[in-house]
Amino acid sequence: MRLHSATGNEQINNSLSRKRADYIKTLMVQRGIDESFVTTSYEGGINEYSPVQANRQTCVTLSF
């Protein structure tokens with residue numbers, strides 16, 4: 001396993017990213033968005049963000 005930004009290994013980072021994406025999806029569904037309209041994706045272990053704090057981000061894209 002490779003280390004990324006000294007913040008954990010790829011397996012741990014992918015798991016955390018998936019949990020963040022699922023959490024945002026849950027919030028959207030709880031607020032009335034039909035689950036079939038919500039698609040999630042995640043990328044853990046990204047080593048290209050600076051500062052390191054930017055590594056913990058969520059992006060939501062709305063398409064109408």
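Visitor: Where is A21 found?
Guide: A21 is found in helix 1; helices (H or I, at least four residues) and strands (E, at least two) are DSSP runs, numbered from the N terminus. The model is predicted: local features need pLDDT of at least 70, side-chain atom pairs count only at pLDDT 80 or more, and totals for chains, interfaces and linings use all residues. Residues are numbered from 1 along each chain as its sequence is written, and side-chain values use heavy atoms, with hydrogens and water left out.

Visitor: Why is A21 called buried?
Guide: Buried means under 20% relative accessible area, exposed over 50%, and partly exposed in between (1.4 Å probe, protein chains only). The relative accessible area of A21 is 13%, so A21 is buried.

Visitor: What does A21 touch, not counting residues up to four places away in sequence?
Guide: With that exclusion, A21 touches T40, S41 and Y42, a contact being heavy atoms within 4.5 Å. A21 and Y42 are 21 residues apart along the chain, and their C-alpha atoms are separated by 6.5 Å.

Visitor: Which residues of helix 1 are buried, and why are they said to line one face?
Guide: N13, S17, A21 and K25 are buried in helix 1. Seen down the helix axis, these buried residues fall within an arc of 110° (taken from the directions from the axis to the C-beta atoms), so they line one face. An α-helix has 3.6 residues a turn, so residues three or four places apart point the same way. The face turned away from the buried side carries the exposed residues Q11, Y23 and Q30.

Visitor: How does the reach of helix 1 compare with what is expected?
Guide: Helix 1 has 21 residues and reaches 30 Å from its first C-alpha to its last. The expected span is 1.5 Å times one less than the number of residues, and the reach is close to the 30 Å expected. Just after helix 1, G32 takes a positive phi of about 105°.

Visitor: What makes R18 and D22 a salt bridge?
Guide: A salt bridge is a side-chain nitrogen of Lys or Arg within 4 Å of a carboxyl oxygen of Asp or Glu. The side chains of R18 and D22 meet at 3.7 Å, N to O, so the pair counts as a salt bridge. Both lie in helix 1, four residues apart, about one turn of the helix. R18 has 34% relative accessibility and counts as partly exposed; D22, at 32%, is partly exposed too. The C-alpha atoms of D22 and S41, 19 residues apart along the chain, are separated by 9.0 Å.

Visitor: How many salt bridges does the structure hold?
Guide: The structure holds two. Besides R18 with D22, E35 forms a salt bridge with K25, where the closest N and O atoms are 3.5 Å apart. E35 lies in the segment after helix 1 and K25 in helix 1, so the pair ties together parts that are ten residues apart in sequence. E35, at 48% relative accessibility, counts as partly exposed.

Visitor: What makes V60, L62 and F64 a patch?
Guide: Patches are made of residues with over 30% relative accessible area and no salt bridge: like charges are joined within 9 Å, nonpolar side chains (Val, Leu, Ile, Met, Phe, Trp, Tyr) within 5 Å. V60, L62 and F64 form a nonpolar patch on the surface, with about 420 Å² of accessible area together (Shrake-Rupley method with a 1.4 Å probe; for residues, only the protein chains shown count as cover). L62 is found in the segment after helix 1 (10–30) and, at 57% relative accessibility, counts as exposed.
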